[in-house]
Amino acid sequence: MKQSVSDLRVDFVKGAVAHRLRFGGGRGQPLAKAMGLRGGNTPVIIDATAGLGRDSFLLASLGARVTMIERSETMHFLLAEGMARAAKEGGELRDIIGRMSLLRGDAKDLLPQIPAEAILIDPMHPARSGSALVKLDLRQVREIVGNDDDAADLVRTALQHDAKRVVLKWPLKAHAIEGVRPCTHRIVGKTTRYDVFMKSQSSHGCQRSDDFDYHVTN
């Protein structure tokens, strides 16, 4: 039976998120390294495009405090429901959710008001077609939030923040977002890349660093 947007559910208790929590590889995961969770460093993070909240949940499970920003009323509601269900489970899940906070609004407006050491941006990716269709839940999210045509403005706003790093999660083979300066280095996966912009380093073109050459499956 065909599923609709009304079937979409944010679930931090079961499914892919639970599997990633148990078997994902901890701080060795590409996202964690991109966000600066190395050694004993656990930055305060803003997830400027919360979506289904999966990346925020992973980062919070590794000890980071994460502020999620979501401008879609529908996605904000689904996230709040999912967080409440997970918190009721108690134990580890309650602790993880306790490190996550959720705001509704446009990240371009809210970012300047929120202190953080690292900012994650994962805008809607360019649409695929044919055999390259993304998973159903991500297609449902697109139906709700649209195409994020202002992604370049959001990245530029994030780069003006006091955060030490900004990370753009983007399809591996997609063109760089026009109007955004080159990143400092890039973590490359099988289908996804993390373009990392470090505030303390100049950019001479976004190069893949051997220290950050990891493969990740979505």
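Modeller: Happy to; what follows is a set of questions and answers on this predicted model.

Biologist: How many helices and strands does the protein chain have?

Modeller: Let me begin with the whole chain. Of its 218 residues, 47% are buried. Among contacts with a separation of 6 or more, 67% join residues 24 or more positions apart. The secondary structure comes to 8 helices and 8 strands.

Biologist: What pLDDT does the protein chain average, and where is the pLDDT below 50?
Modeller: The chain averages a pLDDT of 86, and 86% of the residues score at least 70.

Biologist: Thanks! On to the helices: which residues of α3 are buried?
Modeller: Helix α3 covers residues 54-61 and is mostly covered, with 7 of its 8 residues buried. After the helix comes Gly-63, with a positive phi near 105 degrees. The buried residues are Asp-55, Ser-56, Phe-57, Leu-58, Leu-59, Ala-60 and Ser-61.

Biologist: Is Arg-65 buried or exposed?
Modeller: Arg-65 sits in the loop between α3 and β2. Its relative accessibility is 52%, and the cut-off for exposed is over 50%. Arg-65 therefore counts as exposed.

Biologist: And which residue's backbone oxygen lies 3.5 Å from a polar atom of the side chain of Arg-65?
Modeller: Leaving aside neighbours within four places in sequence, Arg-65 is in contact with Pro-43, Val-44, Ile-45, Gly-98 and Arg-99. Thr-42 is 23 residues away in sequence, with 8.3 Å between its C-alpha and that of Arg-65. The backbone oxygen at 3.5 Å from the Arg-65 side chain belongs to Gly-98.

Biologist: How far apart are the end C-alpha atoms of α4?
Modeller: Helix α4 has 16 residues, 73-88. At 1.5 Å a residue they should span 22 Å, and the model agrees with that expectation. The end C-alpha atoms are 23 Å apart.

Biologist: Within what arc do the buried residues of α4 fall?
Modeller: The buried residues are Met-75, Leu-78, Leu-79, Gly-82, Met-83 and Ala-86. Seen down the axis of α4, they line one face of the helix, because they fall within a limited arc. An α-helix has 3.6 residues a turn, so residues three or four places apart point the same way. The arc for α4 is 135 degrees.

Biologist: What covers the buried residues of α4?
Modeller: Glu-73 and Lys-88, on the other side of α4, are exposed. Just after the helix, Gly-90 takes a positive phi of about 75 degrees. The cover over the buried residues includes β2 (66-70), α5 (91-98), β3 (100-104) and α7 (136-145).

Biologist: Through how many residues does the hairpin join β6 to β7?
Modeller: β6 and β7 run antiparallel and are joined by 4 bridges. Ile-187 has Tyr-194 in β7 as its bridge partner, while Val-188 stands opposite Arg-193. The hairpin joins the two strands through 3 residues.

Biologist: Which residues of β7 point the opposite way from Thr-192, Tyr-194, Val-196 and Met-198?
Modeller: β7 is mostly covered, with 7 of its 7 residues buried. The residues you list point one way from the strand, and those pointing the other way are buried too. These are Arg-193, Asp-195 and Phe-197.

Biologist: One last thing: which residue's backbone nitrogen does the side chain of Thr-184 reach?
Modeller: Thr-184 lies in the loop between β5 (165-171) and β6 (185-188). At 12% relative accessibility, Thr-184 counts as buried, since the cut-off is under 20%. Its side chain reaches a backbone nitrogen at 2.9 Å, that of Met-198.

How values were computed. Residues numbered from 1 in each chain as written. Predicted model: local features only at pLDDT ≥ 70, side-chain atom pairs only at ≥ 80, totals over all residues. Heavy atoms only, no water. Buried < 20%, exposed > 50% of the residue type's maximum accessible area, 1.4 Å probe, protein only. Polar contact = N/O pair within 3.5 Å; in protein donor to acceptor, adjacent residues only side chain to side chain. pLDDT = per-residue confidence, 0-100. Expected span 1.5 Å × (residues − 1). Arc of directions from axis to C-beta. Contact = heavy atoms within 4.5 Å. Pairing = 2+ DSSP bridges.
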